Each structure stands twice: as C-alpha cells, then as structure tokens.
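Colleague: I've got this model open next to my sequence. Can you walk me through how it is put together?

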Amino acid sequence: MLMVAATPIGARVARPRLTDVELYAWIAQAEAGTRIEYHCGFLGIDVTPVISTLPEPERRQLADLGQAALGAFEKGLVHLVQERVGPDRFAYIAVARPRPRAANASLSTLLLEERAA
C-alpha cells in the first residue's frame with residue numbers, strides 16, 4: 001500500500017529560509033552569541049523524499065542546508081537549537097560560538113571542505 005503525505009488545505013509548506021552558502025557566509029561573519037533561524041517546520045520530514053511536501057529542488061536545498069548546519073556544529077562553529085513554535089513545527093536556530101584562538105585553517109577553508117565532502 002502506497003502512503004502519500006497530503007498537505008491540508010491552508011497548511012503552510014515549510015520553505016528553506018536560506019541556502020547552505022548563505023549560512024556559511026553568516027557563520028563567517030557572526031559574532032559569538034548571535035543567532036539565525038535557518039528553517040521553520042519539521043526538518044526530518046521536510047527533507048525526506050517520500051513524505052516532504054516541498055518541491056524536489058527546494059527539498060534538496062533544505063537537505064543541503066541541514067547538512068551545512070550539522071557540519072558547522074561538528075566543527076565547533078555553532079550551537080544548534082530548536083524552539084517549538086506549534087504542533088509538529090519547530091524553529092531551527094544556529095547560535096554562533098566564539099572562534100578558536102589558534103585555528104590551523106581559515107573558516108572559509110573549513111566550511112568549503114565540509115561542502116565538498
């Protein structure tokens with residue numbers, strides 16, 4: 001049996017707020033403690049091909065954005081937090097962390113390596 005997720009009439013479809021490149025640019029210039037909301041919706045559902053209500057190009061863009069945020073977190077550049085804004089709806093927020101004092105590579109290099117991987 002094939003299950004198809006339908007968008008209820010009047011429901012808001014979560015669209016990506018920015019691209020992965022725009023997130024990288026924000027991280028590169030953000031001061032510690034500043035925050036940016038990079039998505040509002042249910043990220044796990046919004047990026048899953050079978051159940052997402054997003055058009056395919058936007059779903060892929062959002063998946064890239066989510067991977068960029070996760071990569072920046074893993075490199076210690078941001079904290080990732082969620083705030084519930086409604087039933088099955090969350091604000092996904094990146095909070096800039098202080099920059100390491102002695103970095104072996106530039107921030108641009110770190111982020112571009114993540115994107116290439």
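Here are some questions and answers about the sheet, the core and the aromatic rings.

Colleague: Before we start, what kind of model is this, and how are the residues numbered?

Modeller: It's a predicted model, where local features need pLDDT of at least 70, side-chain atom pairs count only at pLDDT 80 or more, and totals for chains, interfaces and linings use all residues. Side-chain values use heavy atoms, with hydrogens and water left out, and residues are numbered from 1 along each chain as its sequence is written.

Colleague: OK, the sheet. In what order do the three strands sit?

Modeller: Strands here are DSSP runs of E with at least two residues, helices are runs of H or I with at least four, and both are numbered from the N terminus. Two strands pair if DSSP finds at least two bridges between them. Six bridges join β1 to β3, and eight join β2 to β3. The sheet is open and its pairing antiparallel, in the order β1-β3-β2.

Colleague: Why is one side of β1 and of β2 left without a neighbour in the sheet?

Modeller: The strands of this open sheet come in the order β1-β3-β2. So β1 and β2 (78-86) each stand at an edge, with a single partner strand.

Colleague: Which residues of β3 are the bridge partners of Glu37 and Gln82?

Modeller: Glu37 has its bridge partner in β3 at Ile93. For Gln82, the bridge partner in β3 is Tyr92.

Colleague: Which helix packs on the sheet, touching β1 and β2?

Modeller: Contact means heavy atoms within 4.5 Å. Angles run from 0 to 180 degrees between N-to-C directions, using axes fitted to C-alpha atoms, for helices over the stretch in contact. The helix in question makes about 130° with the direction of β2, and it's α3.

Colleague: Is His39 buried or exposed?

Modeller: Buried means under 20% relative accessible area, exposed over 50%, and partly exposed in between (1.4 Å probe, protein chains only). His39 is found in strand β1, where five of the seven residues are buried. With a relative accessible area of 0%, His39 is buried.

Colleague: Which side chain does His39 meet in a polar contact of 2.8 Å?

Modeller: A polar contact is a pair of N or O atoms within 3.5 Å; within protein, one must be able to donate a hydrogen and the other to accept it, and residues adjacent in sequence count only if both atoms are side-chain atoms. The partner of the His39 side chain is that of Asp46.

Colleague: Last one: is the pair of Tyr38 and Tyr92 stacked, tilted or edge-to-face?

Modeller: Rings of Phe, Tyr and Trp (its six-membered ring) pair if their centres lie within 6.5 Å; planes under 30 degrees apart count as stacked, over 60 as edge-to-face and the rest as tilted. Tyr38 and Tyr92 have ring centres 6.3 Å apart and planes at 50°, so this pair is tilted.
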